[in-house]
Amino acid sequence: MAWFRNLRQLSPTTIPPPLKSTTPSFTFLLSHFSSQPMEVPPPGLSPTVPGQKPRVVVLGSGWGGCRLMKGLDTTIYDVVCVSPRNHMVFTPLLASTCVGTLEFRSVAEPIVRIQPAISREPGSYFFLANCTGINPEEHSVQCETVTDGLNTLEPRRFKISYDKLIIALGSQPLTFGIHGVKEHAFFLREVSHAQEIRRKLLLNLMLSDVPGISVQEKRRLLHCVVVGGGPTGVEFSGELYDFIIKDVSQRYAHVKDCIQVTLIEANEILSSFDARLQRYATNQLTKSGVQIVRGIVKDVKPQTIFLKDGSEIPYGLLVWSTGVGPSPFVNSLEVPKSPGGRIGIDEWLRVPSAEDVFAIGDCSGFLESTGKQILPALAQVAERQGKYLAALLNKVGKEGGARAGSAKDLDLGEPFVYKHLGSMATIGRYKALVDLRQSKAAKGLSMAGFVSWFVWRSAYLTRVISWRNRLYVAVNWATTFIFGRDISRI
């Protein structure tokens, strides 16, 4: 490098420093003439352009949304799912996880397994977020990421443009405005709910065995109260009974005589089933030791339930299962609503007031102008709607209507028609109910007993989405039958 230093010393001229520009920058000009600071648009996915596949945005990862994503033709569409959970819950078997009959992973199916394009295609995504707003004019949705706990980063906000939007946000448990329910009761709709119930149940069992606990306090700790006599409440009561008879009596022999299950229902249990099956279920639950109380809850305190007739019921575990209703986000949407507050839809599951927007599942209901009845909030309804809408969107895409605003004049074909496939519920002791009638007034096959229990298990085993989870469920059932339930409090 010595020759380079010598060359610099012999050079007669030097390069002057660059001149400082006196021209005001573009940013300065904008700030000078603007009375407000510049607003940076939120990041997100911009509208699709020619050369890109049209984008279908699905809000929710329940039965309807997942069945829709599974059936979409990903050679036509990019799929974007926005949900606060990255899996689908097989809700009919959720009660079995609360007492260790099944493990939690057996009833959870990851979204990327349901629709592999989300993890493979460059324009398809899954976002762990909540939808906070919908702009039908811009064909966009506003989202906010999900955060866990208090010591986490601030949630990020972003926007997603869509060509087709499917609202499949489900519902939330109904509390009827009763004081103390949200604070002291457990719901049973998510895997996290089942985990909380299981931990609370096992904690109460262990606490009741501590020296110095009075008999009255033991009975309160071990009193499990279920409010709601629908399929979820009855199945959970049956699972609890099996747990008490087969596992608690052997592993918690000191307190086995203190544990009790009470089912509170304002009317008849399993009201959607045949009257003969209702009586059978009532008799079997009563024989099992489940106390059925007919009453209406007035107030809920940390350790006591108050009924409208003035009676008080102490409890250690309270599970609330009294039906579902629209979520606060659905209530906030400025669209026509069906009776009950659901998003109003037409015969093709479209939201008439918003172009290229569809709604399926528990959050939607037919408008009165369609002349159709509101469908029940059942998994099979949402699944059938998701299957129908996937086929409809595939048809629209093949006919050139996949882009935003391009399907106005297309013939959508046959409207959605729901055909009820029947109802099933297990009541414990290797017994179940099977009601295959299309409606409560219609005629059809209905049966109860061990054969029904075998049909119930076989049907749900085949309905589990993936072969991986079917294997999990089968292995869990076999393990429980041979070795008993897992009572580890993890």
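**Cavities, helices and backbone**

Analyst: About 50 Å³ of space lies in the second largest cavity of this predicted model, and the structure holds 2 cavities of 30 Å³ or more. As background, the protein has 15 helices and 24 strands, and 47% of its 490 residues count as buried.

User: What makes the second largest cavity one that lies between domain 1 and domain 2?

Analyst: The assignment follows from the lining, because domain 1 (55-171 + 326-398) and domain 2 (173-324 + 421-483) both give residues to it. The lining residues are Met88, Val89, Phe90, Ser106, Val107, Glu109, Val464, Ile465, Ser466 and Asn469. By class they comprise 6 nonpolar, 3 polar and 1 charged residues.

User: How do you know which elements contribute to the lining of the largest cavity?

Analyst: Strand 21 (364-366) and helix 13 (379-398) each supply at least two residues of that lining, and strand 21 gives the most, with 3 residues. The largest cavity has a volume of about 60 Å³ and is lined by 13 residues, of which Arg342, Gly361, Ser364, Leu375 and Gln385 lie nearest its centre. Those lining residues divide into 7 nonpolar, 4 polar and 2 charged.

User: Why is helix 13 called largely enclosed by the rest of the structure?

Analyst: Buried means under 20% relative accessible area, and 14 of the 20 residues of helix 13 are buried, so the helix is described as largely enclosed by the rest of the structure. The length of helix 13 can be checked as well: at 1.5 Å a residue its 20 residues should span 28 Å, and its end C-alpha atoms are 29 Å apart, which agrees. Helix 13 is followed by glycine 400, which has a positive phi near 85°.

User: What makes the buried residues of helix 15 lie on the same side of that helix?

Analyst: The buried residues of helix 15 are Asn469, Arg470, Val473, Asn476, Trp477 and Thr480. They cover an arc of only 130° around the axis, which puts them on the same side of helix 15. An α-helix has 3.6 residues a turn, so residues three or four places apart point the same way. The face turned away from the buried side of helix 15 carries the exposed residues Trp467, Leu471, Ile482 and Phe483.

User: How do you know that the span of helix 15 agrees with its number of residues?

Analyst: At 1.5 Å a residue, the 17 residues of helix 15 (residues 467-483) should span 24 Å, and the end C-alpha atoms are 24 Å apart, which means that the two values agree.

User: What supplies the lining of the second largest pocket, and which element gives the largest share?

Analyst: Helix 10 (231-251), strand 22 (423-428), helix 14 (450-463) and helix 15 each supply at least two residues of the lining, and the largest share, 8 residues, comes from helix 10. The second largest pocket contains about 350 Å³ of space and is lined by 24 residues, of which Lys246, Tyr430, Thr480, Phe481 and Arg485 lie nearest its centre. By class, the lining of the second largest pocket divides into 7 nonpolar, 7 polar and 10 charged residues.

User: Why do leucine 349 and arginine 429 deserve a remark on their phi angles?

Analyst: Most residues other than glycine have a negative phi. Leucine 349, although not a glycine, has a positive phi of about 70°, and arginine 429, likewise not a glycine, has a positive phi of about 60°. Leucine 349 is placed in the loop between strand 19 (343-345) and strand 20 (357-359), whereas arginine 429 is placed in the loop between strand 22 and strand 23 (431-435).

User: Are leucine 349 and arginine 429 to be called buried, partly exposed or exposed, and why?

Analyst: Leucine 349 has 0% relative accessibility and therefore counts as buried, the cut-off being under 20%. Arginine 429, at 30% relative accessibility, counts as partly exposed, because that class lies between the buried limit of 20% and the exposed limit of 50%.

User: What makes arginine 85 a buried residue?

Analyst: Arginine 85 has 17% relative accessibility and so counts as buried, since the label applies under 20%. Arginine 85 is found in the loop between strand 3 (78-83) and strand 4 (87-89).

Key:
Residues numbered from 1 in each chain as written. Predicted model: local features only at pLDDT ≥ 70, side-chain atom pairs only at ≥ 80, totals over all residues. Heavy atoms only, no water. 1 Å grid on protein atoms, 1.4 Å probe; cavity = no way out; pocket = protein on both sides within 12 Å on 5 of 7 lines; lining within 4 Å. Points joined across faces, edges and corners; volume = space filled by probe spheres on them. Helix = DSSP H or I, 4+ residues; strand = E, 2+ residues; numbered from the N terminus. Nonpolar A, V, L, I, M, F, W, Y, C, P; charged D, E, K, R; others polar. Domains from an automatic or database assignment. Expected span 1.5 Å × (residues − 1). Buried < 20%, exposed > 50% of the residue type's maximum accessible area, 1.4 Å probe, protein only. Arc of directions from axis to C-beta.
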